[in-house]
Amino acid sequence: MPSYSWPEPEKRKIIGQRISRLDGLDKSSGRAKYPSDRNPQGLLYAVLLTSPHAHAKVRSIDTSAAEKMKGVTGVRVISKPGTEIQWAGTEVAIVAATSEPLARDAVRAIKVDYEVLPHFVREEDLSKVGARAKPAGEQITGDPEAGFKDAEVTSEGTYAIPVITHCCLEPHGAVIQWEGDKVNYWPSTQAVSTVANELARNLEIPATNVRVQMEHMGGGFGSKFPADRWHIESAHLSKASGGKPVKVFLDRASELTIAGVRPSHFAKIKMGAKKDGTITAWQSESWSTGGFAGGGMAPLPYVFNKIPNFRLNHTAVSLNTGPIRAWRAPNHPQASFLTCSAFEDLAAKLNMDPITFFEKNLQFTPRPDIYKRQLAKGAEMIDWKKNWHPRGQGSGVIRRGLGLGINSWGGAGHASKARTIIHPDGSVELEIGTQDLGVGTRTVLAMIAAESFGLPMSMIKVKLGDNQYPVSGPSGGSTTVGGVSSSTRKATINALTKLFEAIAPSLNTTPDQLEAIDGRIRVIGNPDKGMSWKQACQKLGVTPINEMGENDPKKPEGLNTAGAAGVQMADVTVDTETGRVKLNRLVAVQDCGLIVNPKTAESQVLGACIMSVCAALTEERVMDPQTGRVLNADMEFYKLAGISDIGEILVHMDITPENDKRGIIGLGEPCAIGGIAAIANAVANATGVRVPQVPLIPKNVLAALHGQGRNA
Amino acid sequence: MSIKDPEAKKPGSGFSRRGFLQGVGVGGGALSTGVLENEAQAQTPANVISGETAITLQINGKPYKTTVEPRRTLLDVMRDQLDLTAAKRVCDRGTCGACTVIVDNKAMYSCTVLAIDAQGKKIETLEGIAQGRNPHPIVNAFVANDAQQCGYCTPGFVVASKAFLDRNPSPTFDQVKEGLGGNLCRCGTYVGIRKAVLEASAKLKGGR
């Protein structure tokens, strides 16, 4: 059996180089076609009617006027009479018409009679949620009472991180065409190979009849796995129209209301420690909402999960709000924020530098050595020694502070299959049913294939985004790069082995004595004895080589693995008169495995840092208790950070020979975790006051400064 | 929505969705300070136009003839009727900049411009800036600096950057941050974008 292992670092020609993404020019020139850009002949437009009420029962629905309107080809009721609606924005009906404005006109002509029921949409005050609380029970490790008795210093605080949305720039949607017994489906999805099954089940057709294609997609962040209800309904509308294609993409308000959110997290945390900083006990009462279904507990205490004594209580709160979907590193950013905030507050009470305090307790983490090294590196990058001061020792109106946050993630490769075809003319194709969410998957795959074959990347044609290619997992949990890289490595090595077998006799040698380097196949140790890639492929006659490779997550064979730790540190300035927080610098020290393309890997980390800045400084979904609706379901008041809001961001990837040996580790999630805690802690350090809730908008900062915060 | 003015001669002129939005107290879509004020002064109410109306748009130097309902935005007409899909619809109300085009040498959010009101104006889209024989240096600078991830905000950013460099070919780092404040990215590509604009500026000075 051939060896699949990654080439030794010194022998690599392409892996590890800083390569510009292959689809970069398509994107920056506007040629890249996203699902929402598709305009097939005869296209119809579908528009949803959504519920204005957060809790209501549909009494009756009258679509007769809408059906007769100009351009309308179909109307379907989604929430039939008797349906109890549990959040505003719920899909009630859908219309297809020959243009989008005509579809909107028809939506407005649908008459729905609702029995409006009482709603409940805010969870920040646990004492007021009543029957909406679903306690998850108590979890005890060690002896928390003894731990607190042992403590020489204790600290208590309440911390809050709100619901935020994914706010994908390309809304959730698809173009879909049900023609005869076949469905052509162009969704904006994170799951090219698997989404057809869900659609087919709902349409009651065989999954084999669904063709899924997607070249590019405009952001998912965990929210674009399912075949959404509006896709399914649009397929029916297509069928009803005699097989015309239907385009359905949510408008911005629906995108921010029903297409997924990240759960909130609130916690009252009490911690105890010895005077030397050693933690003796942790106690937390947390609550969260993920919409009507409630919300699970974040992994507390985060990373420091070997604290000997702790007591956890969690309550899920059911609200009449849109449901959660996975959000880049589910529950980790919240856990990191809650834990690191409580740590910083205890460190301040101990009059300790938080870095010293974190270091003192690293034995409670799974990877003390790595965090120790990372804390030192981060401190160097942000000039901690020079710029840090004990909490609140700044003076004047403008105050500066530093803070830190940590992360941890898995990121092992998912199940993936890939096919490599070597044609007799020397051209190479790679087929894989994966998707490139904009993280550089195409580029990484071309790099890996080119490395295996000793060819320039331009000779590799990467074909992805189609469910007719070999099955590869959905892109979630940072599992893609490890999975698809490993299957591609195996497929390319298998194909190369076949090529070696085909040409070995003509070189009077055996296949195991051949290598592919610099566009040539040659005998190992005798570089002059060989032939060009093209000559070698010609020997195949008329039959291409067609070989598969598979990543089995249970047997990654050293090609990929899990476990990425990281540290982030922030430097902020706070205007204590206006409450405005300015981020000066955010540094990220990110553990990793073998990095295929440092250029796009760094972009991943930079992007994750910027997402953390948004969550720390600007983002919050605001529910209106009166109407039960999202108050800021738009992009004016649902704030994302702009290009001038992010300060300077520095990324250090832990690219080392030891890490390289671990194999590939996914990077999408870990770097999106610790930044919120870092920024929040920097604000506490600057002002001397804990602002208990993010985002750190002036309202929250000023309330804390004037003693009206939760921890006042 | 219709505004009547007996003095207006040319059908469709001076009648913009932004003007309507301003009228109802919603913030408009100008990309740089001062534009909104200028526009408000230049605003003259127009004739009532209703039903399907034949229009010609001058986009990237070519005439595009189509029939539109007066309520349709330039963005939607480009995307739905002309298959010019580089500009993206994201917020659809003049906040995010993904639909940025250049109208008479000024960066505009095409979701805030009515198609009928764009007649007779010189419209540049990313297709014109990037897909011709001589693409603007900003296009490749975005690639070289990895100033994109999912790429959905990218077309708007490239067009806004081009318009910004037209006005200020030698910007400072701080001016870049200010000048591109009218566009939003979700993946977090701002670090690359700042570098890309400065690199394109350097290339422009050296000649293409």
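**Entry 1. Chain B as a whole**

I call a residue buried when its relative accessible area is under 20%. The model I am reading is predicted. With that cut-off, I find that buried residues make up 57% of the 208 residues in chain B. I then listed the secondary structure of chain B, which has eight helices and five strands. Read from the N terminus, the order of the elements is α-α-β-β-α-β-β-β-α-α-α-α-α. I also looked up the contacts in chain B with a separation of 6 or more, and 61% of them join residues 24 or more positions apart.

**Entry 2. Where chain B meets chain A**

How many residues does each chain bring to the contact? I noted 48 residues from chain B and 62 residues from chain A. The size of an interface is often given as the accessible area lost when the parts come together. For chain B and chain A, this buried area is about 4,400 Å², with 51% of it on carbon and sulfur atoms. I next looked up charged pairs and found eight salt bridges across the interface of the two chains. One of them joins the side chains of B:Arg79 and A:Asp37, at 2.9 Å from N to O.

**Entry 3. Strand S10 of chain A**

I turned to strand S10 of chain A, residues 173-179. Six of its seven residues are buried, so the strand is largely enclosed by the rest of the structure. Which strands does S10(A) pair with? Strand S13 of chain A, residues 246-249, runs antiparallel to S10(A) and is joined to it by four bridges. Strand S11 of chain A, residues 182-187, is also antiparallel to S10(A), with six bridges between them. I followed A:Ala174 as an example: its bridge partner in S13(A) is A:Val248, and its bridge partner in S11(A) is A:Pro187. S10(A) and S11(A) form a hairpin with two residues between them. In that turn, A:Gly180 has a positive phi of about 60°.

**Entry 4. A sheet of three strands in chain A**

I recorded an open sheet with the strand order S22-S23-S24 in chain A and antiparallel pairing. Strand S22 (514-517) and strand S24 (526-532) stand at the edges, each with a single partner strand, so one side of each has no neighbour in the sheet. On average, neighbouring strands of this sheet are turned by 35° against each other, direction ignored. Four bridges connect S22(A) with strand S23 of chain A, residues 520-523. In this pairing, A:Leu514 has A:Val523 as its bridge partner in S23(A). What packs on the sheet? Helix H13 of chain A, residues 480-503, does so, touching S22, S23 and S24 of chain A. The direction of H13(A) makes about 120° with that of S22(A).

**Entry 5. Cysteines**

I searched all chains for disulfides and counted zero. The cut-off for a disulfide is 2.5 Å between the sulfur atoms. B:Cys91 has 4% relative accessibility and therefore counts as buried.

Key
Residues are numbered from 1 along each chain as its sequence is written. Chains are lettered from A and ligands numbered from 1 in the order in which they are written. This is a predicted model: local features need pLDDT of at least 70, side-chain atom pairs count only at pLDDT 80 or more; totals for chains, interfaces and linings use all residues. Side-chain values use heavy atoms; hydrogens and water are left out. Buried means under 20% relative accessible area, exposed over 50%, partly exposed in between (1.4 Å probe, protein chains only). Two strands pair if DSSP finds at least two bridges between them. Axes are lines fitted to C-alpha atoms, for helices over the stretch in contact, and angles run from 0 to 180 degrees between N-to-C directions. Contact means heavy atoms within 4.5 Å. Buried area is the accessible area (1.4 Å probe) that two parts lose on being put together, summed over both. A salt bridge is a side-chain nitrogen of Lys or Arg within 4 Å of a carboxyl oxygen of Asp or Glu.
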